[in-house]
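Subject: Structure handover

Hello,

Here is the structure for your files. My notes follow below it.

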Amino acid sequence: MTFQKGTLVLVDYTAKVKDSNEIFETTREDDAKSNSTYDANVKYQPRLISVGESWVLKGLDDALANTKVGDKLSIEVPPEKGFGTRDPAKVRMVPLRKLGEDAEKVTVGDTIELDERTGIVRFIGSGRVQVDFNHRFAGKTIVYDLNVIKSLDTDQDKVLGLLKRRFPIEESKIKFEIKGTELDVNIPEEAMMMEGLQIVKRAIANEIFKFVIKLEKVNFIDTYNKPKQEKPAEVKPAEPKAA
C-alpha cells in the first residue's frame, strides 16, 4: 500500500550528482566515510519525511508517494524537480572591492555572502569577481539510492520521530510520556545549550499538534542532575620513622 499525503516515513538514502557521482548528502555513515564526506559532528540515522509536504526535493517527494515500506530503489530527480535549471541572469560581475576586507582572501570556488545572497566565485581578474548565485547543483540531475524503512503510524512512534528530528542525540536519552491529551517531554541535558532552543521547542510543539491530532498540550520539562562529587583521596598515616 502506497503512502497518503502527510504520512511520516523513515528513509535511508545516499544522494549524489548523476554526471559526477559526487555524494553530497547521506544518512549512512559507511557511505560518508567511504567518500570523504564524513563529519564526526553529524549523527547518521534514517531521515524523517512527511510525504508530499515539501520536506525534500519535489522529485523525491513525488516518487515517495508511490512507494511502500520495504522498497529499495534508485530515484532520478531532474533539475526542474530538484535544485532548478541554471539561470544566466543569476551570474553577476561585481567590483572586487565590494567584498570589503575579504577581497584579498577570496579564491575561485569559494562560497561567499553578498547582498544577503549566497554565491560561488567563478572568476577573479582585473579588479572584478564573477559570482554565480545559482544553486551549486542547478541544472544537475540528482540520484537517490533509497530504502523505505518504516511508516510511523502510532502516536508513540510519531512523537519519537519528531523529537529525534530536532534533537540529534542518542534515542535512549529522549524521554517523553503521553498522558491523555497532554505530552510531557524531558529536555535532554545535551540539548540544554542548543542555539535557538526556544524556537526548536515551538517547532516541535507545532509539528506534534499537526501529526498527533489528539494532543492539545505539550509540556517541556528541564531536568538538571546533581554533579557527581569525587570522593576525597584517602590519606594513609605516615609510617613511624626507625629509631
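Start with the hairpin of strand 10 and strand 11, which has two residues between the strands. There, G180 takes a positive phi near 65 degrees. Helices (H or I, at least four residues) and strands (E, at least two) are DSSP runs, numbered from the N terminus.

Some ground rules. This is a predicted model, where local features need pLDDT of at least 70, side-chain atom pairs count only at pLDDT 80 or more, and totals for chains, interfaces and linings use all residues. Residues are numbered from 1 along each chain as its sequence is written, and side-chain values use heavy atoms, with hydrogens and water left out.

Strand 10 (residues 175-179) and strand 11 (residues 182-187) run antiparallel, joined by five bridges. Two strands pair if DSSP finds at least two bridges between them. E177 has D184 in strand 11 as its bridge partner. Strand 11 also runs parallel to strand 12 (residues 217-222), with six bridges. Here V185 is partnered with F220 in strand 12. From strand 11 the chain crosses through helix 4 (residues 197-211) to strand 12, a right-handed β-α-β crossover. Right-handed means that, with the strands pointing away from the viewer, the path from the first strand over the helix to the second runs clockwise.

**Helix 4**

The 15 residues of helix 4 should span 21 Å at 1.5 Å a residue. The expected span is 1.5 Å times one less than the number of residues. The end C-alpha atoms of helix 4 are 21 Å apart, which agrees. Buried residues in helix 4 include L197, V200, I204, I208 and F211. Buried means under 20% relative accessible area (1.4 Å probe, protein chains only). Strand 1 (8-17), strand 3 (47-50) and helix 3 (155-166) are among the elements that cover them.

Four strands form an open sheet in the order 5-8-7-6, with antiparallel pairing. Strand 5 (91-95) and strand 6 (111-114) each have a single partner strand, so one side of each lacks a neighbour in the sheet. Strand 5 pairs with strand 8 (residues 128-132) over five bridges, in the antiparallel sense. R92 has V131 in strand 8 as its bridge partner.

**R28**

Where does R28 lie? It sits in the loop between strand 2 (23-26) and helix 1 (29-34). R28 is buried, with a relative accessible area of 14%. Leaving aside neighbours within four places in sequence, its contacts (heavy atoms within 4.5 Å) include D12, Y44 and D145.

Best regards

Definitions and conventions: Buried < 20%, exposed > 50% of the residue type's maximum accessible area, 1.4 Å probe, protein only.
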